[in-house]
Amino acid sequence: MDFKTLENISDTIILEAFNAAFSDYFIPLFFDWNSLQLKLYSESIDRKVSVGCFDGDKLVGFMLHGMNVVGGIKTAYNAGTSVLAEARAHNDKPLVVTNIDKTTAQVSRFLTAHGLEPFIGQYEMKMMQT
């Protein structure tokens, strides 16, 4: 599995991964093309600091990050995180994302290694409890 920013990933690939990743949730989420465009725009999602997890060329997980200024500090906030069911831990299959703390740390290391971390003054993340 490799991490890459989503800056060169098409909306179609993001849409397919988003819908596949959220399809088996208790309340499934489904976005059509226009809904995705509205989300990307209204939540100020910045693909340069949004990260995908790839299995070869396939996007199997993602963290979409919106950027805003909060209290004078440039703030990245989590605008959507999920992993495709096939890439989650199942019995004998390896786990792509072991837990959110570890994954957030991996994404932070990835952003730092690619010189993007200095553009973020603080990070906000809201989680859905199930």
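So, helix H2, residues 33–42: Leu36, Lys39 and Leu40 are the buried ones there. Buried, for us, is under 20% relative accessible area, exposed is over 50%, and partly exposed is in between, with a 1.4 Å probe and protein chains only. Helices are DSSP runs of H or I with at least four residues, strands are E runs of at least two, and both are numbered from the N terminus.

Before I go on, this is a predicted model, where local features need pLDDT of at least 70 and side-chain atom pairs count only at pLDDT 80 or more, while totals for chains, interfaces and linings use all residues. Residues are numbered from 1 along each chain as its sequence is written, and side-chain values use heavy atoms, with hydrogens and water left out.

Back to H2. Leu36, Lys39 and Leu40 are buried, and they cover an arc of only 95° around the axis, so they sit on the same side of H2. That arc is taken from the directions from the helix axis to the C-beta atoms. In general, an α-helix has 3.6 residues a turn, so residues three or four places apart point the same way. On the face turned away from the buried side you'll find the exposed residues Asn34, Leu38 and Tyr41.

What do the buried residues of H2 pack against? H1, S3 and strand S4, which is 73–83. Contact here means heavy atoms within 4.5 Å.

Now the ends. Asp32 caps the N-terminal end of H2, with a side-chain oxygen 3.2 Å from the backbone nitrogen of Asn34. After H2 comes Ser44, with a positive phi near 50°.

Over to H1, residues 11–22, where Asp11 is found. Asp11 counts as buried because its relative accessibility is 15%. Its side chain makes a polar contact with the side chain of Gln37, at 2.9 Å. A polar contact is a pair of N or O atoms within 3.5 Å; within protein, one must be able to donate a hydrogen and the other to accept it, and residues adjacent in sequence count only if both atoms are side-chain atoms.

And the core? The largest nonpolar core has 18 residues, and Leu6, Phe18, Leu36, Phe62 and Leu64 have the most contacts inside it. H1, H2 and S3 each supply at least two of its residues, with H1 giving the most, six. A nonpolar core is a set of buried Ala, Val, Leu, Ile, Met, Phe, Trp, Tyr and Cys residues joined through side-chain atoms within 4.5 Å.

Last stop, Gly66 in strand S3, residues 58–70. Gly66 is buried, at 0%.
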